[in-house]
Amino acid sequence: MRLGVAILWLCAAACSRPASQDAGPSQQTATPGGPAWFQDLAVARGITFVHRSGHETRYRLPEIMGGGAAFFDMDGDGHLDVLLVQSGRVSAPAGTPAGHQLYRNRGDGTFEDVSAGSGIAAISGYGMGAATGDYDNDGDVDLYITGLGANVLLQNDGRGHFADVTTSAGTAGAGWSTSAAFVDIDADGRLDLFVTRYLDWRLEAERECYSQAGTIDYCSPKNYDAPTSDLLFRNNGNGTFTDISRAAGLGTAVGNGLGVIADDVNGDGRLDLFVANDGTPNHLWMNLGNARFAESALMSGVAIDQDGSAKAGMGVHAGDLDDDGDNDLIVMNLDTESDSFFRNEGRFFADATTSVGLRVASRRFTRFGVALLDFDNDGRLDLYEANGRVGLQADTFSADPYAEPNLLFRGVAGGRFEELSPRGGTVPPLIATSRAAAFGDVDNDGGIDILVANRDAAPHLLRNVAPGRGHWLLLRVLDRSGRDAIGATLSIAAGARALRRDVRTGFSYLAANDPRVHVGLGDLTKVESVTVRWLDGTSERFGPFDADRIVEIRQGRR
Amino acid sequence: MRAQPILGTVIVLTVLSAGCSRGPAPADPGTFGDLDPAVATLLNELTAAVNADRLDAARWGRLGMALEANGLLVPAAANYEIAVGLDEQEPRWRYRRALLRARRGELDAALGDLERVIALAPGYVPARWRQGLWLLDRGDTAGAQAAFQVAVQASPRDPAGHIGTALVHLSKREDAAAAAALEELLAASPGDRYALQLLGTAYRRLGREDDARYALTIGSTGQPVWTDPWSDELAPYRRGFAVMLKEATQLGLERKFDQAIALLTQLVKLRPGDKALQVYLGGMYAAAGRVAEAAAILDPVLAADPAHFDATMHLASGYLFTGNLDRAATYAVRALALRPANADAAKLQGMVHWQQGRLGEAETLFEAAAAADPRDPMPHLWMGMILGQQARYLDARRRFEMALAKNPLLGDALLGVADTFAATGAFAQAERALQRAEQAEPANPRLPAARERIMAAARANR
């Protein structure tokens, strides 16, 4: 008992992030290789945002976590607009605007800063992530911005003007929120809200940690040993939410939550929630119905992977890599730790990181934002990872000591990935401290583009220029109310293949993504059918559809 | 007339050859950026040693190890490169180069190095299991299996080869074979939690849900341990503030408080203005039961900053452990007021109340601590003990079982279960719980008394 209490917090102070396992500069440039898949056009297209972590002299943990990003169509014009979440200053006086920026997509490939007057510019607090969804079923996309302290729910008037309805809605939450996702957990046709929280942190209790060279640096979450529980707000259907976190069972487990994705992992028709935790075992909240959840990551095989200890989970995505009709999970981790690729085998997940080819290539960098999407439209899921360190290392890639290149993997036959050269898919490789990455087709040309938010730097807007892209289909899937049918599952019959895709905006890290379902078709010029399993349990079949177009399908209107 | 040019050529050649015999110069540590002074000193010494004889591979290798140990991996790799070139028969430098190459993702080159290492030092088992792991990383299960097999044959008592073999089986979906290999390993090394975790994975795939749950719950709390003496040789080269701080922490965890305090005292002298470090030292004194010395450090901190949570907690625990319950209570109350949702603060104040005999208040605080940190079995254990003291045996057992759900090897909870069964006359179940406690934590000092107590109760019952 004596040791039990006294040493608990003593020992936390001296833990630090593991030392570099990567040899840095020698890896600065990718092996000379093929053509670029992406071109950074942020500045050229009018996105002038620069992220500010607020770092001055002291190292405060929130400063290293980055700010969020969102692709969403705020004005219903069919073009994805952009939100970039500003961090600000941890010690800023209450009420100081954080400086989030909102950019309207003009539809000609350029963006204009419409932050002023949108209701976005006035938002205060140290910002973290973004979630998007039409919580009030009025046909436009609303916003939720997470941060330190209170989060903010912004109701869209349909024209890109947002009203802060946090107080009346009851969705402020508390603590340090990170990624969030709108998800209809009870299939009542109204989007509920799940919010991951990182740890019980407070400015006055910030610790001092040291790099291997003995200089002051950011701490690891392990230094605080203060994991916390996540939040779940149930939509009451009248503009208000009820915090049902405890009642739903979320208080029964704590972790350092950074990433979240909703997915029906066991095929029972209910959306479950996977949370990537940083340095603590991941959580898999199995939806028991009646707004109750049970944490079952350990028995499901996703709490830790085959390396045997909890990794530093950051971003997360799900996709059906092996076309077996269920979604597999991929989790980003710290350098020296490989990605965790969990293959869904029905009753449980199996660690398949090696067999998909990610064991070696992934562990050289610290990965945050992520997506399993088909960037070259060849019908196979590719993989993008946005990278940047969280601790100082002796070897650096640029003047920013935390900066690293990002990674792009091409999906190849056999359900494997191969790292694409040039590194990260751009020439030259972009070296930054990348954090959030949002994914969507900003120019409606059938190629998935990427918005990468970089710490203390400008973002990258990566336009997809992958050579020889295949045919494609982009599906906007709406429920009866006209809202993006987040949580709906699509079975797409194309040629000899049956592809599984899902409607979701919440994945990656601190990001909200294009809700439209993108399907790469390779040489196929037609999709025979799209069968949608709606969250209410009904199914409908749509199609056929010719390729290379954007199609809207709506529940009840075949 | 021709003598002069010839002489000049000879001189140039002589100078050049002398230069070549000195070999390339090592990098100047001053170019490595912001180094901890202790690291810089070590690197300067070893660099000077290399400069004294640039053809000595061992000097290059040692400098490489010092660089690697302190996170300077790029120059370390360069040094190993030279060391390998100078002495192709020494496997260590090639081994270190292989590890750095593997870290950079250059697995083919790393495996090439490892093959040569194995040829030079066939008895060095870590080279075999590393080869197995890297081949497995590359998806070569047959090669990996062969490498692990050699490791098992060479060193049957080292778990690495067995673990590797099980990993191969798991990757090939030979779950029964994996389970068999792991069960065999665990029969010899029952405390290997990584093996238990892998076994849990195999059981789960085999549909043995209850066995899987038990194995995974225990196994997920352990770290894999791979023994590699050549890599352990890096440890003496690790220098600097952060390393010393980690070492002090480890000593504290091992309850070697005097050594930890000595190390921290050195660090405080190095950084006299570092308040966090002073508080840390004060906490170590408190943990050592040297509360007067703790107070001498922590009281001034609290005088300047009464809301300093860590300092408050350290003093509360120091006074608690030295039996000064009044003072402990003062600081514990303050700590909980500073952070009402903090599980440790709740536990500490609960502990004070418990020792003061205020069982109801202690129970309430332990309940709050359990809610604040659902990972922690201890509040449940303590609540079980309190309930046991109150002869509420069924409630107590429920608490012990809640603690065991979080840590199935918690010996005191198993003893609690045994005691509660014995108290209700269920001696067979008490005996089973006692046996589990003996298996889980054979060194638990409370075991003999518990056995004696339960046997006495059983005799009295007859």
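**A:Thr366**

Leaving out residues up to four places away in sequence, I find A:Thr366 in contact with A:Met314, A:Asn333, A:Leu334, A:Asp335, A:Ala386, A:Asn387, A:Gly388, A:Arg389, A:Val390 and A:Glu404 (contact means heavy atoms within 4.5 Å). I place A:Thr366 in the loop between S23 and strand S24 (367–373) of chain A. Helices (H or I, at least four residues) and strands (E, at least two) are DSSP runs, numbered from the N terminus. A:Thr366 is buried, at a relative accessible area of 1%; buried means under 20% relative accessible area, exposed over 50%, and partly exposed in between (1.4 Å probe, protein chains only). Its side chain reaches the backbone nitrogen of A:Asp335 at 3.1 Å.

**How I read the model**

I number residues from 1 along each chain as its sequence is written, and chains are lettered from A and ligands numbered from 1 in the order in which they are written. The model is predicted, so local features need pLDDT of at least 70 and side-chain atom pairs count only at pLDDT 80 or more, while totals for chains, interfaces and linings use all residues; side-chain values use heavy atoms, with hydrogens and water left out.

**Disulfide**

I find one disulfide over all chains (a pair of cysteine sulfur atoms within 2.5 Å). It joins A:Cys209 to A:Cys219, S to S 2.0 Å. The pair links distant parts of the chain, ten residues apart: A:Cys209 sits in strand S12 (residues 209–210), and A:Cys219 in the loop between strand S13 (216–217) and helix H3 (221–224) of chain A. The torsion about the S-S bond of A:Cys209 and A:Cys219 is about 100°, so I note the disulfide as right-handed. A:Cys209 is buried at 1%, and A:Cys219 is buried at 1% relative accessibility.

**Helix H9 of chain B**

I looked up H9 (residues 159–171) of chain B next: 13 residues, reaching 18 Å from first C-alpha to last, close to the 18 Å expected at 1.5 Å a residue (the expected span is 1.5 Å times one less than the number of residues). Eleven of the 13 residues of H9(B) are buried, so the helix is largely enclosed by the rest of the structure. The cover over the buried residues of H9(B) includes helix H7 (125–137), helix H8 (141–154), helix H10 (175–188) and helix H11 (193–205) of chain B. B:Asp158 caps the N-terminal end of H9(B), with a side-chain oxygen 2.9 Å from the backbone nitrogen of B:Ala160. B:Arg173 follows H9(B) and has a positive phi, near 60°.

**Interface of chains A and B**

I read 60 residues from chain A and 72 residues from chain B in the contact. Chain A and chain B bury about 5,700 Å² between them, 57% of it on carbon and sulfur atoms (accessible area, 1.4 Å probe, that two parts lose on being put together, summed over both). The rule finds six salt bridges across this interface (a side-chain nitrogen of Lys or Arg within 4 Å of a carboxyl oxygen of Asp or Glu). A:Arg359 forms a salt bridge with B:Asp137, closest N and O atoms 3.0 Å apart.

**Backbone notes**

I find a cis peptide bond between A:Val427 and A:Pro428, omega about -5°. The peptide bond from A:Gly543 to A:Pro544 is also cis, omega near 0°. A:Leu510, a residue other than glycine, has a positive phi near 55° and is buried at 0%.

How values were computed
A polar contact is a pair of N or O atoms within 3.5 Å; within protein, one must be able to donate a hydrogen and the other to accept it, and residues adjacent in sequence count only if both atoms are side-chain atoms.
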